[in-house]
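Hi,

Here is the structure I promised to pass on. Have a look at it first, and then read my notes below.

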Amino acid sequence: MFVLYETPAGYAIFKLLDEKKLKEVDNLYQEFQTPDRANKLLKLKHFQKFNDTTEALAAATAAVEGKVSKPLKKTLKKLFGDEVQESLLVADAKLGNAIKDKFAVQCVYNTGVQELMRCIRQQADSLLGGLPKKEMTAMALGLAHSLSRYKLKFSPDKIDTMIVQAQCLLDDLDKELNNYIMRAREWYGWHFPELGKLITDNIAFVKTIKLVGTRDNMAVTDLSDILPEDVEEKVKEAAEISMGTEISEDDTINIQCLCDEILSISEYRTHLYDYLKARMMAMAPNLTILVGETVGARLIAHAGSLINLAKHPSSTVQILGAEKALFRALKTKKDTPKYGLIFHAQLVGQASLKNKGKISRSLAAKASLATRVDAFGEEATFELGAAHKVRLEARLRLLEEGNLRKLSGTGKAKAKFEKYQAKSEVFTYDAGADNTLGLAKKRKHSDAAECSKSAKSQKIEPEDVAVEAEKSPDTEELKSEKKKKKKKNKNKDQDTTLVAEVDTPEPSGTLAKKKVKKDKDLLAESD
């Protein structure tokens, strides 16, 4: 039974002298406590040394990927070519399967083999007698550095640090351009203040200053390549009646130098933006299609890398960039922000104010999915991002139109919409139309009998009955109102008399005189 042991210097093949010791896994370390005991258990059969670091790196990468390298092929051919084939103990199951397929050798990999490899590593210096310890450590360090560089299998298109730096530089260039253009407008405004109001485009304004110089040359210079015809005429007319001060040639030279700087920075900015656009499409195509190059690059820059952004949930992606507002809202117990850097995306900008929160939440959910596909997917395609963008545009259209259609697999919203918008066409029966004769007062029995006799003797025409039916409700209402008014007046008179009696009490003398008069009247009547 042979043992394949990999070292930074080469491949070593040992022969296991006592196979029974391999079954005793717990006591195996005791056999390697001293170099003498280790040499009694293992014997070096063959050692294949690497020629240089590149060969060692190729062998190490092949072992990592589970493949058989060229030095290992040579070693195994020498070992199993002449002698009777035996089993081989390997430290990696993938490598054992590859050796088994090519050489038809039985490879063993279990916990006992792992413990054996650990013990060999402990006594490697004594078992490999021909190699000094310093040389082995130097080879191990060099191979570790080479292997770590090889494991960084990132193509130049996949390096997200370039995107982060390009986006930060774009922001700095925008700030510098704004400062320079503001300075140029203010500086040249002393000489020709009307030009700043006539030309609103900054680049056209700078090109005009560079081409013309002072306003005296405005009438002679052709500005058709820079400005439209109507604007050119207005500029030339304003130059003749301008209220600005005169400036010297040195001033115009310095202003034109500033214009050269502005134009060069703007050209470099356009070139840098094209570079950023190409990098974003190569690295994160799905995220770029959903939110755009600038917003996607800012999200990656804010998170630190594309992988860090992919680890964030959609709720974090939605408010990424609004951390101050979030913690301020949590501290003051107010509403938290609905969007951060994602606010500048095209879909959120198209939405109305009431729908910005909803569409930003949906966009953040789809953007997080797209970021994970871009970061961990094998193929760089933008099909997922394009499909999600179509769905988001359809959802935005539904929200803006206010159409309650079937959303998220439920039809409850549509049912409610139809229920409350339906118009009922049920007609109710008017019972008031049955009464055709209006009776104003309650009649006595004699009056009712006379009326019934007269009604039998006379024929009532239908037209007169209808007229009376139409007039009767009005007359009843008028009479009822008059009765109420009379009752109110009577109640008022009674109240006033009672108040007068209470307020003006009669004296006792007057009451005595009234009694005397009544007595006299009674006596006179009796006589």
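Thr288 counts as buried, because its relative accessibility is 4% and buried means under 20% relative accessible area, with exposed being over 50% and partly exposed in between (1.4 Å probe, protein chains only). You'll find Thr288 in helix α14, residues 285–291. Helices (H or I, at least four residues) and strands (E, at least two) are DSSP runs, numbered from the N terminus. Leaving aside residues up to four places away in sequence, Thr288 touches Met280, Met281 and Glu293, where contact means heavy atoms within 4.5 Å.

Before going further, a word on the source: this is a predicted model, in which local features need pLDDT of at least 70 and side-chain atom pairs count only at pLDDT 80 or more, while totals for chains, interfaces and linings use all residues. Residues are numbered from 1 along each chain as its sequence is written, and side-chain values use heavy atoms, with hydrogens and water left out.

Now for Leu384, which sits in helix α21 (residues 383–401). Leu384 is partly exposed, with a relative accessible area of 30%. Its contacts, again not counting residues up to four places away in sequence, are Asn286, Leu369, Ala370 and Val373. Leu384 and Leu290 are 94 residues apart along the chain, and 9.6 Å separates their C-alpha atoms.

On to the whole chain. The protein chain has 25 helices and five strands. Of its 527 residues, 31% are buried. Among contacts with a separation of 6 or more, 65% are between residues 24 or more positions apart. The chain exposes about 35700 Å², and carbon and sulfur atoms supply 54% of that (Shrake-Rupley method with a 1.4 Å probe; for residues, only the protein chains shown count as cover).

β1 is mostly covered, with four of its five residues buried. A hairpin takes β1 to β2 through three residues, and these two strands run antiparallel, joined by five bridges. In that pairing Tyr5 is opposite Ala12 of β2. With β4, β1 pairs in the parallel sense over two bridges, and Val3 has Leu89 as its bridge partner there. Leu89 also stands opposite Val108 in β5.

Last, the largest pocket: about 500 Å³ of space lies in it, the volume being the space filled by probe spheres set on grid points joined across faces, edges and corners. A pocket is an open set of points on a 1 Å grid over the protein atoms alone, where a 1.4 Å probe fits, with protein on both sides within 12 Å along at least five of seven lines; lining residues have an atom within 4 Å of a point. The lining has 25 residues, and Tyr5, Glu6, Thr7, Pro8 and Leu143 lie nearest the centre.

Best wishes

Key: Two strands pair if DSSP finds at least two bridges between them.
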